[in-house]
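Let's walk through a protein model together, one stop at a time. Take a look at the sequence and the structure first, and then we will begin with a question.

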Amino acid sequence: MDRRQLLLTGFAAFGAGALGFVPAVTSSPLSLTIQGARHRILNDVTEDMVSLSPEAPPPVIRLRQRHPFAADVTNSLLDYTAMHWHGIRLPNDMDGVPYLTQIPLGQGDSYRYAFTPEDAGTYWYHPHCMTMDQMARGLTGILIVEEEEDPGFDADLAVNLRDFRLGDDAQFIELYTAKGAARAGTLGTVMTANWQTELSIDQPSGSLVRLRLAATDTTRIYKLFLKDALGRIIAMDGHPLNVPMPWPSAEKPLLLSPGQRVDLALKMPTAEGQRIDVMAQASGGALALVKLRAIGADQRRSLDELAELPPNPLSEPDLDQAKTGEFVFGWSPEGDAPNNGFCGSLGSNFWSINRRPWPGDAVEDVGPLGRMKLGDSYILRLRNESPNDHPVHLHGMTFKPIRSNKREVLPNWSDTALLLRDETIDIALVADNPGDWAFHCHVIEHQKTGLAGYFRVD
Ligand code: C2O
Ligand code: CU
Ligand code: CU
């Protein structure tokens, strides 16, 4: 099979450039090489990791809002890959989805990703090919788009939350299981923050910290709360809040599902040695993932000194005129999954959207789940008829949850809607970005066993 040919079949109706974006030109594109890595997470060094340098986690990449960005991504692995910039509204051919928006990169191949981010906030990057392998082995990193105006923090910290599936010898054990894929997914054995099991960060007493937390794990839905913290939530999934979110507690933790990000404004304790702990509820009880420790003299800052983050330039959906569509997430008749691409499959189908599984990354013979007219408003009813939770993610566009049959949902902009068991959530959006946009569960084992599809906007 020729991967170029495969792309063209899936691509037939598609021209190159997308409208409405300034082409990104920059004199110095970043050079990123996807490569094997080793790193010490437990007592011994873990081999066979995947990162962008030989011994370190994928770096935090910082962009400026409305400034062109470019990166040449080179694949040095034997397996195919492609890089995706999660949550960023960008031209379709920069989205990194194999077969749908580009051909996957073989060993030695490079692709230049270039775009100008319109929205500020916390995003992330990860491959969109061989994901169950490359993401599980480490290739998930944080991407920050800085506001044009400095919001006034003393420090801006990014924390990448994720698990690894390691055995007692600190080496990888099987990365996924059929049992997990058919249920809630296969959890990691070691929880980490920035690839560390005990992340401790010192900050001046009484200073103001912006803490960006990204859940980049393939499976875990984090249940987060903070101990001894003074602060507030300022952004969710990249975007400043439209309506305030409640401060999480041990009893009512914040659910941060795979793919999601939250930005917190924190005031450090005023006395040296005091701490704020970022806690996660896990099976063995609550665990401190990050410890922020106050050092030095009290800086006497106040949260009131922070200006509100400016809203991103998103289009408000017109709910009266919106067209509607329903998408049902459920089981699939079990069976072997055809794998007609180079991006890996788990071998079986367990999941479906509207009763149809879409396990591979190759779009041959599989049409879009729906077509949207450029500029029109839509309400998508996302119905989970399974007993498992699904963080459903849409590429290329940003939506607002507007109602749920189970709980109060807040209309804050997002790219990932967490559907709890038997939950139905309506999301509203303006189809303002032309192209073929992937739409899938971000529990990667679900995505790779059928819970995936795409929309065509034209
Ligand atoms: Cu985080 Cu389809 O991606
Ligand atoms: Cu994405
Ligand atoms: Cu799922």
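Predicted model: local features only at pLDDT ≥ 70, side-chain atom pairs only at ≥ 80, totals over all residues.

Is Phe439 buried or exposed? At 1% relative accessibility, Phe439 counts as buried; here, buried means under 20% relative accessible area, exposed over 50%, and partly exposed in between, with a 1.4 Å probe and protein chains only.

Residues are numbered from 1 along each chain as its sequence is written, chains are lettered from A and ligands numbered from 1 in the order in which they are written, and side-chain values use heavy atoms, with hydrogens and water left out.

Now for the aromatic rings. The structure holds 14 aromatic pairs. Rings of Phe, Tyr and Trp (its six-membered ring) pair if their centres lie within 6.5 Å; planes under 30 degrees apart count as stacked, over 60 as edge-to-face and the rest as tilted. Phe439 has a partner in Phe329: this pair is tilted, with 6.0 Å centre to centre and 50° between the planes. Strands (E, at least two residues) are DSSP runs, numbered from the N terminus. Phe329 is buried too, with a relative accessible area of 0%.

Ring pairs also join Phe69, Trp85, Tyr111, Tyr113, Phe115 and Tyr125 into a cluster.

Next, visit the metals. Donors are N, O and S atoms within 2.8 Å of the metal (3.2 Å for Na, K and Ca); water is not among the atoms, so sites may look incomplete. His84 belongs to strand E5 (residues 83-86) and His393 to strand E24 (residues 390-394), so the pair ties together parts that are 309 residues apart in sequence. Both His84 and His393 are buried.

The copper ion (ligand 3) is coordinated by His390 (ND1), Cys441 (SG) and His446 (ND1), at 2.0 to 2.1 Å. Because His390 lies in strand E24 and Cys441 in strand E28 (residues 435-441), this pair ties together parts 51 residues apart in sequence. His390 counts as buried at 0% relative accessibility, and Cys441 counts as buried at 0% as well.

Notes:
Helix = DSSP H or I, 4+ residues; strand = E, 2+ residues; numbered from the N terminus.
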